[in-house]
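Let us take a walk through this structure together, one region at a time. Have the sequence and the 3D view ready as you read.

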Amino acid sequence: MASFIIRRILLLPVTLLGLTFLIFFFTSFLSPYQLLSAYVQDPRQLQGGNVEKLIDKYGLRENFMIRYGKWLGQISHGNLGWSLSLNEPVSVVIEQRFPATLELTIYAIIPVIFVGIWLGVVASVHHNGVIDQILRVFALLGYSIPAFVLGLLILFIFYGVLGWLPPGRLDQWAQMIFFSKNFHHYTGLATIDALLNGNIPIFLDALKHLISPILTLSYLSWAGLLRITRSSMLESLGQDYIRTARAKGLSEKMIVNKHARRNALIPATTVAGLMFIGMLGGVIITETIFNYPGIGSFAAQAATQFDYAGILGVALVYGLVTIIGNLIVDISYAMIDPRVRLG
Amino acid sequence: MKKIVVVLAAFLLIGAMVGMASTVVEETIGTIATLDPAWGYDTSSGEAIWQLYDNLIQYKGSSLTEFLPMISTNIPNAKDGTILDNGKTYIFHIRQGVYFHNGDILTPEDVKYSFERTIIFDRAGGPTWMLAEPLLEEINGSYVDSLTQWAKKLAGVKSYSDLFLKGTKTPKNVQSRKALIDAFNMLDKEFEIKGNDLIIHLPHAYPPFLFILAHGANWSAIIDRKWAIENGAWDGKANDWWIYHNPTREKDPLYSIEDGSGPFTLDRWTKGREIVFKRFDEYWGGPAKIEYGVIRRVTEFTTRKLDLMRGNADTIYVPQQYMSQVENLSGVTVIKNLPELVIDNIFFNWNINSKGNPYIGSGKLDGKGIPSNFFSNIDVRKAFAYLFPYKTYIKQVLNGQALTPNGCIPKGMLGYDSKVPPTYHQDLAKATEYFKKAYNGELWNKGFKMTIVYNSGNVARRTSCEMIKAFARRINPKFKVDISSELWASFLDDYLAGKLPLFSLGWLADYPDPYDFAQPYYGSNGAYGSTLGKNYIAWAKKNMDGLINESMKTTDPEKRAAIYKELNVKAYDIAYGIWTDQPLGHHVQRNDLKGWYYNAMRPGIDFYSLSK
């Protein structure tokens, strides 16, 4: 297994290089005027000879290989470039926004996995019964409802009507404390930092702001996990060894929990792992609706404003997360299923 | 356990209430690009800089013609002898006892440094030209919008980069260096400090000069010289100014810090998300009534609306199409019909670039396309001008919140006359008449095909294109107009390449003087005029440029007004474009917010005037 992990880690820079090369390659299809749009939001900026001045200033006529070479040179010095959409170094943007997305993902993935798998098991055990039918409708709704509709619905009910769960990451008063000099940012995760600073009100406030996006993400993800778990549970429950277990006189609870569920967890683990990776890459719509300052909303802004440095930065983060996440999924897969050997 | 929960809940509630009482929160969609007054050329940055920095003078409330003192204790005028030499010398008495946020005292040297820094800074695509035009001597009778033009001229080189060793900012030789220094000295001699007075000697009269200095014109905001130099900005010397010229944003040392003398200091700026201003208790005008001002970026309208309803935002940006959602909300005040200094127009491209152009079909007058000089034909332009349903567009698309302009001068500005010239109106009979007249009837018989492009996401522009399409087809089924949306990048690409037959864009005032509209719209080298094709440029050189220049040679408002009216009449006669609208703005806030006032030149809100 060690050699497998080392090989995969060694592949990391090659994959990231390929990914960033592709992005630069695609920009080679853009004209200097199109690239200029990242720097010009208003035609008034183009008065006089400004078009050519701007093109020269930012090297927009340069061959993409030269631009790529320069970018790699920057990277080698730890400089990810300057985000034109947020007006600060990309590394700073990622440093500030990734923890927010990480926090949301960590809190969201817990209910996603536990509830999703539990619902799948319950549905399979009551195969074709009323509970199964209800859960299938529940899953179908989760599949069909767009994230922005669900998000807005949750926002409207829990914030607009009830006033319980506001959007954003913290209330204004909490932000004043959170961003003050006396508040130490150990992890960038608001809830954890609040606890480490011994500030319970901020912890509760941060938690309050997380509930709505977690609810949105959870419901959308439960559907997928429920269906996967249900179908693999049904497959497991139909296996010979389950029949044998029943013939041995084992209780149904023991059969489901000990024998069937463990096997059914294998595909569910893969899916849950991929969901986790997906969320870490940024949940654009959820973050936008709840005004949550994560990497997803940054990715959307960077993409719409042709902020190449920002796009490349997000791509690097996403690439890194995907590769490492997949590696962890593969390892956990082997741990759950002893038949799988990584070589 | 129950007690703990109650105590915690009370703590949260009290914390929230105490915080909100002294804090005003604005939620909007813009991204603040910079806090450096010399860089900022967008409304969002302008709004932030407004709160942090002062200018020499300020507008009087909502007025766009009357000023109040600010850092200058006087408003220069000819009557009291503070404007001399036929509008070429301005005397400002600099206020004493004004503190910058770091405790430094403001002096006339700071004002001079601030203006000079904006001019030497001169980032490409930035606002420097506005200060440069009045302060730099003309070359061959034309305004100079950059110090680099003088450096080039003095050195006798073609390009500014010719003054330097390749790829560096090191002057090529002694002559180059001398030219650079001499260019700066030409600027420097315009400023004279006598005791506590700053005297500015303009090389030529420049009627809108005071507008260019007034609060809201962030490029003329006053920064602390000592602090700026300490932080790595230009050192104030003539012999190295070019090092600080046209930097990239990441190399601008003042982009995210401030030391103004405004009513608020910068508490925190989370880029792309939120900026928080804290009251400056030593403000010369007295401390603000609120302790904190917050501008928060919230892109989703529903989220902004709910924040407004719940009291977590005091004022929000509401796009026109969502106005009906906020008009009857309890606890919310909506103020409408605020005339904005914006003119929107659908431009005719007199010489369309036909090379690889997908928007003009065959490129010929054969019913399958249009020739590249299609809009050079006055009958075609007039036909389109009469085709457009101005009233319906404003009523249905802009919810009635706009006026129909009769030229490039907005209502409320010098030179505007609601009757002269008249506005074009929809008249399909006249449109038909002009279409039939064009190309001696050939156009009417053969028809045409073209594509109108708009930048995606702009609903109003899309609808205006659809209206042109529908009415053209109604007049003659052989008139085929396709509509295409493009992302800003592609739109800009086609616009700069001159490929768009018709395009819709607008102009927002930099300062409230008609020159700021006439020059970009009508001038042969104007931001828009120069993009309308060689036939327009030739026409404008002959008919418009002289008048535009003349309008700036006199300081007499009546004479100037007459000239701008004449320019508008000429534009009307040639059917310059389809003047679609001058938007009317609106303001949405909670009822308990007091002190808001409208000024068309103010970017965003003035936190200093607000209380709760």
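The paragraphs below go from chain A to the interface, then into chain B, and end with some charged pairs.

Before setting out, keep in mind that this is a predicted model. Of its 343 residues, 50% count as buried. Sequence distance is also worth a thought here: among contacts in chain A between residues at least 6 apart in sequence, 71% join residues at least 24 apart.

Two loops of chain A deserve a stop. One of them runs between helix H5 (90-125) and helix H6 (130-144) of chain A, and Asn128(A) sits in that loop. Asn128(A) has a phi near 65°, a positive value in a residue other than glycine. With a relative accessibility of 48%, Asn128(A) counts as partly exposed. The other loop lies between helix H14 (295-304) and helix H15 (308-336) of chain A, and there you will find Phe306(A). Phe306(A) is not a glycine either, yet its phi is positive, about 55°. Its relative accessibility is 22%, so Phe306(A) counts as partly exposed; the cut-off for buried is under 20%.

Now turn to the place where chain A and chain B touch. The size of an interface is often given as the accessible area lost when the parts come together. Here chain A and chain B bury about 4,900 Å² between them, and 59% of that is on carbon and sulfur atoms. The contact draws on 54 residues from chain A and 60 residues from chain B.

Side chains of opposite charge can pair when their charged atoms come close. The interface of chain A and chain B has 2 salt bridges. One of them joins the side chains of Lys271(B) and Glu88(A), at 3.6 Å from N to O.

Strand E8 (residues 264-270) of chain B is mostly covered, with 5 of its 7 residues buried. This strand pairs with strand E9 (residues 274-279) of chain B in the antiparallel sense, over 6 bridges. To see one bridge up close, look at Trp269(B), whose partner in E9(B) is Ile275(B). The hairpin of E8(B) and E9(B) has 3 residues between the strands, and Gly272(B) takes a positive phi near 75° in this hairpin.

Is helix H9 (residues 301-310) of chain B largely enclosed or open? Because 7 of its 10 residues are buried, H9(B) is largely enclosed by the rest of the structure. Phe301(B), Arg304(B) and Leu308(B) are among those buried residues. After H9(B) comes Gly311(B), with a positive phi near 85°. Elsewhere in chain B, a cis peptide bond joins Val420(B) and Pro421(B), with omega about -10°. Pro421(B) belongs to the loop between strand E14 (402-403) and helix H13 (428-437) of chain B.

The last stop is the charged pairs within the chains. Over all chains, the whole structure has 35 salt bridges. In chain A, the side chains of Lys70(A) and Glu62(A) meet in one, at 2.7 Å from N to O. In chain B, Arg296(B) forms a salt bridge with Glu27(B), their closest N and O atoms being 2.8 Å apart. Arg296(B) lies in strand E10 (residues 292-297) and Glu27(B) in strand E1 (residues 23-28) of chain B, so this pair ties together parts that are 269 residues apart in sequence. Both Arg296(B) and Glu27(B) are buried.

How values were computed
Residues are numbered from 1 along each chain as its sequence is written. Chains are lettered from A and ligands numbered from 1 in the order in which they are written. This is a predicted model: local features need pLDDT of at least 70, side-chain atom pairs count only at pLDDT 80 or more; totals for chains, interfaces and linings use all residues. Side-chain values use heavy atoms; hydrogens and water are left out. Contact means heavy atoms within 4.5 Å. Buried area is the accessible area (1.4 Å probe) that two parts lose on being put together, summed over both. A salt bridge is a side-chain nitrogen of Lys or Arg within 4 Å of a carboxyl oxygen of Asp or Glu. Buried means under 20% relative accessible area, exposed over 50%, partly exposed in between (1.4 Å probe, protein chains only). Helices (H or I, at least four residues) and strands (E, at least two) are DSSP runs, numbered from the N terminus. Two strands pair if DSSP finds at least two bridges between them.
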